[in-house]
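Me: I have a model open and want to learn how to read its features one by one. Can we take them in turn, general idea before the case?

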Amino acid sequence: MVEQQVNVKDAPSIDVKNLSYSFPDGTTGLEEVFLDLPPGSRTLLIGANGAGKTTLLRLLSGKRMAPAGSVSIAGVDPFKFGLEGVTYLGLEWVLNPIVRTDIDVPTLLSSVGGDYYTDRRDELVHILDIDLAWRMHAVSDGERRRVQLAMGLLRPWTILLLDEITVDLDLLSRSNFLHFLKRETETRPCTIVYATHILDNLATWPTHLVHMALGRVKKWGSMEELNVMSEPGARVISGNSRLGELVLRWLQEDLDERGPRNGKRSEGKTYETLEGKGGYGAEKSH
């Protein structure tokens, strides 16, 4: 079957301008975040625990209210207008208690549109290697996660925001899942942001990277701009090499900058940012 190619310009963009966010207790969640993720992009959101990744994804999805004018999805404020087609799969979705009850897979898939989107349902069941005879109270966490992913992705989306939702998948299931997501962006007008610590099979998956630390975006750009593209003609097997090395270096820099958890954050560090669409600049904290 020949897959139809799409015009990526029809996919939604994600624009973030000077986004700062504080939690109800007054602590800072995000500080002066700028991003410009183009239509049809697949972005990896990289950072240590507490870097601000979940906060950013929840603001992009409209689940938390961002300051007016700071977040735009396809040119629209997601909180103000409640956009259709934005799917956020994060912690609260994963912890949904219904998927731990004595219920069968076909009933769950039917409850989210499986009888209408039959082709997508069957494709996801195949890709995620789901047994339709499973009873959800009697399966493993990894098997349960496959069903949850099928439920979350069954209805077609145009923006997909994923927050560490593949941690229970085995290597093969995760690889098949990533291939499915990549093909979605190549055959439908859609855009993905994926926060993860697991880099297996990802070297050729993203189009863009965003590096977050302590509520700020330290670096972001395309794979080409960040110089992590695979060498021309190179055969990529595991997909870990250059991307993995870059991310490990970023995380070590973050740890060195942060210092001991009970200590104080060091001052005078230099943050590299991508200024607008042009290139990299230096922004020094004072």
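Me: How many residues does the largest nonpolar core have, and which have the most contacts inside it?

Reply: A nonpolar core is a set of buried Ala, Val, Leu, Ile, Met, Phe, Trp, Tyr and Cys residues joined through side-chain atoms within 4.5 Å. Buried means under 20% relative accessible area, exposed means over 50%, and partly exposed lies in between (1.4 Å probe, protein chains only). Here the largest core has 46 residues. L153, L181 and L209 have the most contacts inside it. One caution on the source: this is a predicted model, where local features need pLDDT of at least 70 and side-chain atom pairs count only at pLDDT 80 or more, while totals for chains, interfaces and linings use all residues. Residues are numbered from 1 along each chain as its sequence is written, and side-chain values use heavy atoms, with hydrogens and water left out.

Me: Which elements each supply at least two residues of this core?

Reply: Elements are DSSP runs, numbered from the N terminus: helices are H or I with at least four residues, strands are E with at least two. The strands that each supply at least two core residues are β3 (42–46), β6 (159–163) and β7 (191–195). The helices that do so are α4 (105–111), α5 (118–127), α6 (141–153), α7 (171–187) and α8 (241–258). The largest share, 5 residues, comes from α6.

Me: What does L209 touch?

Reply: Contact means heavy atoms within 4.5 Å. Leaving out residues up to four places away in sequence, L209 touches L44, K219, W220, G221, M223, L226, V228, L243, L246 and W250. There is also a second, separate core of 26 residues, with V16, A51, A195 and V217 among them.

Me: Now the sheets. What is the strand order in the sheet of 3 strands?

Reply: Two strands pair if DSSP finds at least two bridges between them. This open sheet runs β2-β1-β4, with antiparallel pairing. Its edge strands, β2 (28–37) and β4 (71–73), each pair on one side only. The twist averages 20 degrees from one strand to the next. Strand β1 (residues 14–22) pairs with β2 over 6 bridges. In that pairing, V16 stands opposite L35 in β2.

Me: Which helix packs on that sheet?

Reply: For angles, axes are lines fitted to C-alpha atoms, for helices over the stretch in contact; the angles run from 0 to 180 degrees between N-to-C directions. Helix α1 packs there, touching β1, β2 and β4. Its direction makes about 120 degrees with that of β1. Of the 9 residues of α1 (residues 53–61), 8 are buried, so the helix is largely enclosed by the rest of the structure. The buried ones are K53, T55, L56, L57, R58, L59, L60 and S61. Just after α1, G62 takes a positive phi of about 85 degrees.

Me: What is the strand order in the sheet of 6 strands?

Reply: The order is β5-β6-β7-β3-β8-β9, in an open sheet with mixed pairing. β5 (86–89) and β9 (216–222) are the edge strands, each pairing on one side only. Here the twist averages 15 degrees from one strand to the next. β3 pairs with strand β8 (residues 208–213) in the parallel sense, over 4 bridges. I46 stands opposite H211 in β8. α7 packs on this sheet and touches β3, β6 and β7. The direction of α7 makes about 150 degrees with that of β7.

Me: How many aromatic pairs does a search of the whole structure find?

Reply: A pair of aromatic rings is described by the distance of the centres and the angle of the planes. Rings of Phe, Tyr and Trp (its six-membered ring) pair if their centres lie within 6.5 Å; planes under 30 degrees apart count as stacked, over 60 as edge-to-face and the rest as tilted. The search finds 3 pairs. One is Y21 with F23: 5.6 Å centre to centre, 90 degrees between the planes, edge-to-face. Y21 counts as buried at 14% relative accessibility, whereas F23 is partly exposed at 26%.

Me: And how far apart are the ring centres of Y194 and W205?

Reply: They lie 5.8 Å apart with planes at 75 degrees, so this pair is edge-to-face. Y194 sits in strand β7 and W205 in the loop between β7 and β8, 11 residues apart. Both are buried.

Me: Which charged residue lies over the face of W205?

Reply: A charge sits over a ring if NZ of Lys or CZ of Arg is within 6 Å of the ring centre and within 35 degrees of the ring normal. R42 lies over W205, at 5.9 Å from the ring centre. Likewise, the charged end of R188 sits over the ring of W157, 4.9 Å from its centre.
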